[in-house]
Amino acid sequence: MITDVLRALISSFVGTLGFALLLHTPRRAILPASLIGMFAYLLYWVLLQLGVSDPLSVFAGALVGSMLGQGCARKMHMIATIFILLSIVPAVPGLGLYRFMELLGSDRVTLGAEAGVSAMMSIAMIALGIGMGSFLFRLLFSRRGRATRAG
């Protein structure tokens, strides 16, 4: 179990770090963004291990990654897109999309459709998690939001 956790931590950190370098992320954002990606993936992975459905696990990881990315961006005075984009890299269903295309290409339409729907559901949950995370962050931590609630 410990080796599985370490494998998930290391692979998600290295994957996010690789994309950060590939995308020419500003140097001071590389480590925090990679850590956020690692933490968001770890949450997804732990929820899966606890029996939570894949779409809900992806949603939770994207939501937390989005909120952490927003907070880190505010603290570092950078745009949130850098952190949010990198926070979801480990959860992107690249292999699922590849399987979808491979199965359709080999004329196994039913299996391909299942793989495609699963991958698209993950993509939708990532988008929903990012949107909800951004909304909740602004609601909870926005100066303007606090002023209107207090007034």
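Predicted model: local features only at pLDDT ≥ 70, side-chain atom pairs only at ≥ 80, totals over all residues.

Q: Great. Where is serine 34 placed?
A: Serine 34 is in helix α2, residues 27-49. Helices here are DSSP runs of H or I with at least four residues, numbered from the N terminus.

Q: Is serine 34 buried or exposed?
A: Serine 34 is buried, because its relative accessible area is 0%. Buried means under 20% relative accessible area with a 1.4 Å probe, protein chains only.

Q: And what does serine 34 touch?
A: Leaving out residues up to four places away in sequence, serine 34 touches Phe13, Thr16 and Leu17; contact means heavy atoms within 4.5 Å. A polar atom of the serine 34 side chain also lies 3.5 Å from the backbone nitrogen of leucine 17.

Q: What about arginine 28, which helix is that in?
A: Arginine 28 is in helix α2.

Q: Which backbone atom of methionine 76 lies 3.1 Å from a polar atom of the arginine 28 side chain?
A: The backbone oxygen of methionine 76. Arginine 28 touches Met76, His77 and Met78, not counting residues up to four places away in sequence.

Q: Now threonine 25, where is that found?
A: Threonine 25 sits in the loop between α1 (2-22) and α2. Threonine 25 is buried, with a relative accessible area of 10%, and its side chain reaches the backbone oxygen of alanine 20 at 2.9 Å.

Q: Change of topic: at what angle do α3 and α6 pack?
A: Helix α3 (residues 54-76) and helix α6 (residues 109-141) pack at about 40°, with axes 7 Å apart. That makes α3 oblique to α6, since angles under 35 degrees count as roughly parallel, over 145 as roughly antiparallel, 65 to 115 as roughly perpendicular and the rest as oblique. Axes are lines fitted to C-alpha atoms over the stretch in contact, and angles run from 0 to 180 degrees between N-to-C directions.

Q: What kinds of residues make up the contact of α3 with α6?
A: The residues there divide into 16 nonpolar, seven polar and two charged. Ala, Val, Leu, Ile, Met, Phe, Trp, Tyr, Cys and Pro count as nonpolar, Asp, Glu, Lys and Arg as charged, and the others, Gly among them, as polar.

Technical notes. Residues numbered from 1 in each chain as written. Heavy atoms only, no water. Helix = DSSP H or I, 4+ residues; strand = E, 2+ residues; numbered from the N terminus. Buried < 20%, exposed > 50% of the residue type's maximum accessible area, 1.4 Å probe, protein only. Polar contact = N/O pair within 3.5 Å; in protein donor to acceptor, adjacent residues only side chain to side chain.
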